[in-house]
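Visitor: I am new to this structure. Please take me through a single part of it, slowly enough to follow.

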Amino acid sequence: MTSMTAPKTAAPSKGQVSPGRKRSAMARRLIPYGYLTPTALLIVVLMVVPIVMVISYSFRDNVIIQDDSVLTGFANYTKVLTDPDFLTALKNTAIFITVSAVAHLVLGLGFAMMLNTQLLGGVTKAIFRIVYILPWLFTIAVIAVIWRLLLDPSGVINYVLHTLGVIQHGVDWLGSPTKALWAVTFVNVWSGYPFFMISLLAGLQGIPGELYEAAAVDGTNWWQRFVHVTLPQLRPVIISMAVLDLIWTSQQFALIWMMTGGGPLHATEMLSTYTYKQAFSEYEFSTASAAAVIVLLLTMVLAFFYVRQQRER
Amino acid sequence: MVLRTSRLKRALGAVTAAALVAFVGACGSSNSSDTASGGNVTLEFAQWWGAELPSGEFDKIINDFTAQNPNIHIKLLSAPYASTKQQLITGAASKTLPDVVGLDGAWVNDFAKQGAIADMSKLMSDSSYDASQLASQVQVKGKTYMIPVVNFVYPLFVNKDLLAKAGVATVPATRTEFLDAAKKISATGGDVKGWALPLDTAVPNGIQNDVMSWLWASGGSMLKDGKPDLTSAQVKSTVNYVKSLNDAGVIAPGSLTMKEQDKVEKFTNGQVGMMIDSLAHINLIKKNKPDLKFEVAALPAEDGYTGKRGIPYASWGIGISNSTKHKAEAFKFVSYLMSKETNAKLSTIANGFPGNKNATPDFSNSDPMFKTAFDIYQQGYPANEFVGLPKSEDLMRTFDEQLQLVLTGKSTVDEALNKSQQSWSSVIE
């Protein structure tokens, strides 16, 4: 005969937690961090580390190319901020991004309203939609090559303008120090407006029809409806897009580099091309880092407005 | 319990994945190349040559090397010139260059100063290599860091039809004849101009190929005892001459942002009558415009000059990474490329001139113009004073900007040369 006895186990006293439970509670707390770890690591490796390195380079001299780099404080910043080429690049960038953003907005809104109108049929709208979106489908390299050919002194643009009697002689759009900045800005506007157009079209389609009906009942005309209904409804989209566009356009490098290389005579020099030349032509990685940090700070100001606007929404 | 275990596993999985990412990241930052297993060595060879040669031709040359040296494998990292340049500049800065690298003479000084490329003089002496067979070596402070494998010369290209239409009977051989011919071609009307001058500052090699070439063709030099000498009478005469071409209105418009490819395109389309260009473009021009009648000639020299004419060139150079563990094997590969037979073969398929003096390219299947150019090359001497200079691209850009000021009437020749001299002197010490 066998008898079974219950094992002697002490009941856990109040406030005491068994090791198993302790482990499981800790695991529960760790799980969210575990999921976040890959992303956090990627952010650290791909963003935080490079940014910190560039900032540290900007306070040193002889970085990267020599082993004996030395701390120089703000000397690189002083050098960059007193360099006439940098100031020219800053001015050009300000003109380039402001004109581009305004033109993107005006063109994008105009085309979006056209595509949203009831006056055109579905097929016509579809055709225009494809035509208007075409510039967005080309890569920057293709855009640069196409427009270099079009804007050549013996290119199509001059031929058309000459035929129409607008100009008498071939204009050197990209080779003239007074025209080059406007020429590359025009190309940037051409290549970037479709994104505005699509976003604003989505915004327009989200405006309730009742608002327009109510405005019509009040006896408003088209312009009044545009100013008092359309624009206020699109305001959040317009502000977001404009701030993002300013940030993106300030980082435009490939288009400028492939079209003019920052020339002629620094007429199209941008902060991006200036920084690139400092790093990869002059091998002045310290001043290039200082210039990059200045660009980062300027971009952060724009990013601040973007984030604030998003929070308000 | 099961649920808890599964959660724990998931948490561990996430942490493991993160660790893996970190590990991969760490691997990415380590030195790139050479795997040695069982006595076999794999050498990475980064260059832009493979991208410019007919498909598969470079692989054949590499395979022959592997057949002769079964324990050395070559992994080709071929990319276009611009990408290769960017990769090598960042690789040199981070000391992660591939074992063997294709080099442009313009990069050598900076790479050598950074300690990124190896002293090949030592490797040559260690392996008792006969350096006398090399046509040239690029040195920094007396040590060889680059060996030019194939050279591409830049002769004068002349559109024969335009020259005939302009009533010019002979190809210009002097500066006066060139200006005269350029004026007559420009006078034929339409959009046609006598000459193209690419001065784009993104890649400012127009200064080397299209401006300084006039100086070298008359036996001049922009350096004196290794220091800049831009205010010399010869350099001034060269810049004045380019200005006179501009003042005469014979230069194709758009030159301030014109790139080398634009120049070739304008010549191919018959929009300019003459250009100074790489011989490597003959096939491209013939492919794009088979009926274009053109020929190559020596660069015009100053009136009355009778000495040997310098002819600008660009090279496919080769160097060895200072951080490779297999320098001996890497040099064996370099020796193979520089051997008489291989070098001749490579020059033939590249339409260039060999870096080995004893190698003779086979022109039997090439355009007769290559033979003409080879004769010009042998009668003159290869001249490119930017090779081996520090920050040479930046030197070209500085000169380019000053020349643009002269051509737009914003500066005098003397002012431009003085400013260039000052700027260059701060770089070339």
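Visitor: Let us look closely at chain A. What percentage of the 313 residues of chain A count as buried?

Guide: In this predicted model, 32% of the 313 residues of chain A count as buried. Start with the build. Chain A holds 12 helices and 2 strands. Read from the N terminus, its elements go α-β-β-α-α-α-α-α-α-α-α-α-α-α. Chain A is more spread out than a compact globule, because its radius of gyration is 29 Å, well over the 20 Å that the globule rule gives for 313 residues. Its C-alpha atoms fill a box of roughly 120 × 75 × 40 Å along the principal axes.

Now the contacts. Take those in chain A with a separation of 6 or more: 67% of them join residues 24 or more positions apart.

The largest nonpolar core has 154 residues. Ala291(A) is among those with the most contacts inside this core, along with Val100(B), Trp195(B) and Val334(B). Leaving out residues up to four places away in sequence, Ala291(A) touches Val80(A), Phe86(A), Leu271(A), Tyr274(A), Thr275(A) and Gln278(A). Another core, of 12 residues, lies apart from the largest one. Its members include Leu109(A), Val189(A), Leu200(A) and Leu201(A).

Last, the side that touches chain B. Chain A brings 33 residues to the contact, and chain B brings 34. On the chain A side, helix α1 (residues 19-58) gives the most, with 11 residues. By class, that side has 19 nonpolar, 11 polar and 3 charged residues.

Definitions and conventions: Residues numbered from 1 in each chain as written. Chains lettered and ligands numbered in written order. Predicted model: local features only at pLDDT ≥ 70, side-chain atom pairs only at ≥ 80, totals over all residues. Helix = DSSP H or I, 4+ residues; strand = E, 2+ residues; numbered from the N terminus. Rg over C-alpha atoms; globule rule 2.2 N^0.38 Å. Buried ≥ 20, exposed ≤ 12 C-beta atoms within 10 Å, placed from the backbone. Contact = placed C-beta atoms within 7 Å. Core = buried A, V, L, I, M, F, W, Y, C linked by C-beta atoms within 7 Å. Nonpolar A, V, L, I, M, F, W, Y, C, P; charged D, E, K, R; others polar.
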